[in-house]
Amino acid sequence: MESQTPQEAPKSKVYPKDNLRIIWRPDLCQHAGVCVRTLPKVYRPQDKPWIKPEHATVEDLMAQIDRCPSGALSYELTDPKETL
């Protein structure tokens with residue numbers, strides 16, 4: 001009888017900006033480039049880290065993330081009084 005290995009939880013990376021937490025799931029990314037074309041100062045695939053949220057407003061980041069075709073980018077709003 002073969003033993004089954006548990007599936008790994010999807011890996012994600014979090015990038016904070018003010019009361020916004022950007023979540024990137026590389027396993028879902030289809031490399032459509034919508035993020036890079038929309039906010040090229042934020043999304044820089046050649047850099048590490050490749051997401052630099054300090055180069056856009058929270059509102060612009062949310063609007064762009066809402067257009068991610070694969071769902072690889074998402075966000076959570078946090079209480080501005082909370083610390084990350």
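**Pocket, rings and cysteines**

Q: Is Trp 24 buried or exposed?
A: The relative accessibility of Trp 24 is 13%. Buried means under 20%. The value comes from a predicted model. Trp 24 therefore counts as buried.

Q: What type of aromatic pair do Trp 24 and Trp 50 form?
A: Their ring centres lie 5.0 Å apart, with 70° between the planes. Planes over 60 degrees apart count as edge-to-face. The Trp 24 and Trp 50 pair is therefore edge-to-face.

Q: How many residues apart in sequence are the parts that the Trp 24 and Trp 50 pair ties together?
A: Trp 24 lies in strand E2, residues 20-24. Trp 50 lies in the loop between H1 and helix H2 (58-66). The parts are apart in sequence by 26 residues.

Q: What type of pair do the rings of Tyr 43 and Trp 50 form?
A: Tyr 43 and Trp 50 are both buried. Their ring centres are 5.6 Å apart, and their planes meet at 50°.

Q: Which residues do the ring pairs link into a cluster?
A: The structure holds 2 aromatic pairs. The cluster is made of Trp 24, Tyr 43 and Trp 50.

Q: Which element gives the largest share of the lining of the largest pocket?
A: The largest pocket holds about 300 Å³ of space. Its lining has 21 residues, and among those nearest the centre are Trp 24 and Trp 50. Strand E1 (13-17) and helix H1 (34-38) each supply at least two lining residues. The largest share, 3 residues, comes from H1.

Q: How many residues in the lining of the largest pocket are nonpolar?
A: The lining also has 5 polar and 2 charged residues. Cys 29, His 31 and Cys 35 are among the residues nearest the pocket centre. The nonpolar residues number 14.

Q: How many disulfides does the structure hold?
A: A disulfide needs two cysteine sulfur atoms within 2.5 Å. For Cys 29, the nearest cysteine sulfur is that of Cys 35, 6.4 Å away. For Cys 68, the nearest is also that of Cys 35, 6.7 Å away. The number of disulfides in the structure is 0.

Q: What is the relative accessible area of Cys 68?
A: Cys 29 counts as partly exposed, at 23% relative accessibility. Cys 68 is buried. The relative accessible area of Cys 68 is 18%.

Methods. Residues are numbered from 1 along each chain as its sequence is written. This is a predicted model: local features need pLDDT of at least 70, side-chain atom pairs count only at pLDDT 80 or more; totals for chains, interfaces and linings use all residues. Side-chain values use heavy atoms; hydrogens and water are left out. On a 1 Å grid over the protein atoms alone, a cavity is a set of points where a 1.4 Å probe fits but cannot get out, and a pocket is an open set with protein on both sides within 12 Å along at least five of seven lines; lining residues have an atom within 4 Å of a point. Grid points are joined across faces, edges and corners, and a volume is the space filled by probe spheres set on the points. Helices (H or I, at least four residues) and strands (E, at least two) are DSSP runs, numbered from the N terminus. Ala, Val, Leu, Ile, Met, Phe, Trp, Tyr, Cys and Pro count as nonpolar, Asp, Glu, Lys and Arg as charged, and the others, Gly among them, as polar. Buried means under 20% relative accessible area, exposed over 50%, partly exposed in between (1.4 Å probe, protein chains only). Rings of Phe, Tyr and Trp (its six-membered ring) pair if their centres lie within 6.5 Å; planes under 30 degrees apart count as stacked, over 60 as edge-to-face and the rest as tilted.
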